[in-house]
Amino acid sequence: MEVIQSMRMREVHKSRSMALWPGCCFLWKLALDIRFHSPDASHRFPMKQKVALIWFFFVSALCLCCLPGAQGKTVVIDAGHGGHDRGGIAYQRYAEKEVTLDIARRLQNRLRSAGYGTVMTRTDDTFIGLRERCAIANAQGNAVFVSIHTNSDPRGHGIGIETYYFSKQSARLAEAVHREVLRTSGTPNRRIRNRGFYVLRHNRLPATLVEVGFLTNAVEGPKLNNSSSYREQIAGAIARGVQSAF
Ligand SMILES: [Zn+2]
C-alpha cells in the first residue's frame, strides 16, 4: 500500500511540473530573445525589447492570476469498475469499465493542463476494491474526489445525467459537475441525488459520483461507447465543473 501511495505521489508531482513546464519554457525563450537577439544592443530599450518585456510581464501576471487557482490542489479521479467487474447489468452490450476509464484519462489530461495535481484510482483494466479507492482518496490533502460511472436500465428507456453526493461539503462540487455535464451532453436532467454510495460515504474529501449517461440506451449508449469526441466533451465538462467548485 505504501509503495502504491508513493507511486501516486510521484505521479502528482510529475503532473504539476508538467503543467508548469510550457510556461517556464516560454519565459526562458523570451529571456534569451531579450538577451541575445536584440538588433539594437546599444540602445537602452529598443522597441523589440519593450515588446518582449511587455509580453514577459503579461505572461507572468497571467501565470500568477491563473495558476494559484489550481496549484497545490489534487483531483482524485475514480474510473468506475475494472478487471473482472465490467460494470452495468448482465448482458450489457458496452462495457462500462472501458468507457469510464477512457473518460477518466481524458479528464486527467484536462486537469493537468489546468495546473491540478491528479491521482487516478486505476490507470488500466484492473479491479480496485471500493475500500482501496477510498484509502487512495483519504491519503490526499487539499483534494476532491470525482467518480465516473455510466448508468444502465434493463428496459433500455433510461437516458440522461445523474449526479450523486453524500456529505454536505460535497454538494457544491456535485452541483458544478452536474451542471456542466448536463449542458454539454444535451440529454435529460435526472437531477442531483443524495446517496450513501460506498465511495462517497467513506470519503473524507468533497466527493461526487457522476453517471454520464446510459450505456443501455439506443441513442446515448453508442454515443458514449463509439464517439471519442463525445467522451472528450464529457471529460471537458467534468473538468470545468471541478474548476468552478475547487
Ligand atoms: Zn458503475
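This is a predicted model: local features need pLDDT of at least 70, side-chain atom pairs count only at pLDDT 80 or more; totals for chains, interfaces and linings use all residues.
Leaving aside neighbours within four places in sequence, V144 is in contact with V75, L173, L205, P206, A207, V242 and F246. V144 also belongs to the largest nonpolar core, which has 49 residues; V144, V146 and I238 are the residues with the most contacts inside that core. As general background, nonpolar side chains tend to be buried together in soluble globular proteins.

I turn now to the sheet. Six strands form an open sheet with mixed pairing, in the order β2-β1-β3-β6-β4-β5. β2, residues 117–120, and β5, residues 189–194, each have a single partner strand, so one side of each is left without a neighbour in the sheet. On average, and ignoring direction, neighbouring strands are turned by 20 degrees against each other.

V75, already mentioned as a contact of V144, has T118 as its bridge partner in β2. Helix α3, residues 96–113, packs on the sheet and touches β1, β2, β3 and β6; its direction makes about 145 degrees with that of β3.

Next, consider β4, where five of five residues are buried. I161, T163 and Y165 point one way, whereas E162 and Y164 point the other way. β4 pairs with β5 in the parallel sense over four bridges, and the bridge partner of Y165 in β5 is N194. The chain passes from β4 through α5 to β5 in a right-handed β-α-β crossover. Helix α5, residues 171–185, lies across β3, β4, β5 and β6, at about 170 degrees to β4.

Finally, β4 pairs with β6 in the antiparallel sense, again over four bridges, with T208 as the β6 bridge partner of Y165.

Terms used
Residues are numbered from 1 along each chain as its sequence is written. A nonpolar core is a set of buried Ala, Val, Leu, Ile, Met, Phe, Trp, Tyr and Cys residues joined through C-beta atoms within 7 Å. A residue is buried if 20 or more other C-beta atoms lie within 10 Å of its own, exposed if 12 or fewer, and partly exposed in between; C-beta atoms are placed from the backbone. Two residues are in contact if their C-beta atoms, placed from the backbone, lie within 7 Å. Two strands pair if DSSP finds at least two bridges between them. Helices (H or I, at least four residues) and strands (E, at least two) are DSSP runs, numbered from the N terminus. Axes are lines fitted to C-alpha atoms, for helices over the stretch in contact, and angles run from 0 to 180 degrees between N-to-C directions. A crossover is right-handed if, with the strands pointing away from the viewer, the path from the first strand over the helix to the second runs clockwise.
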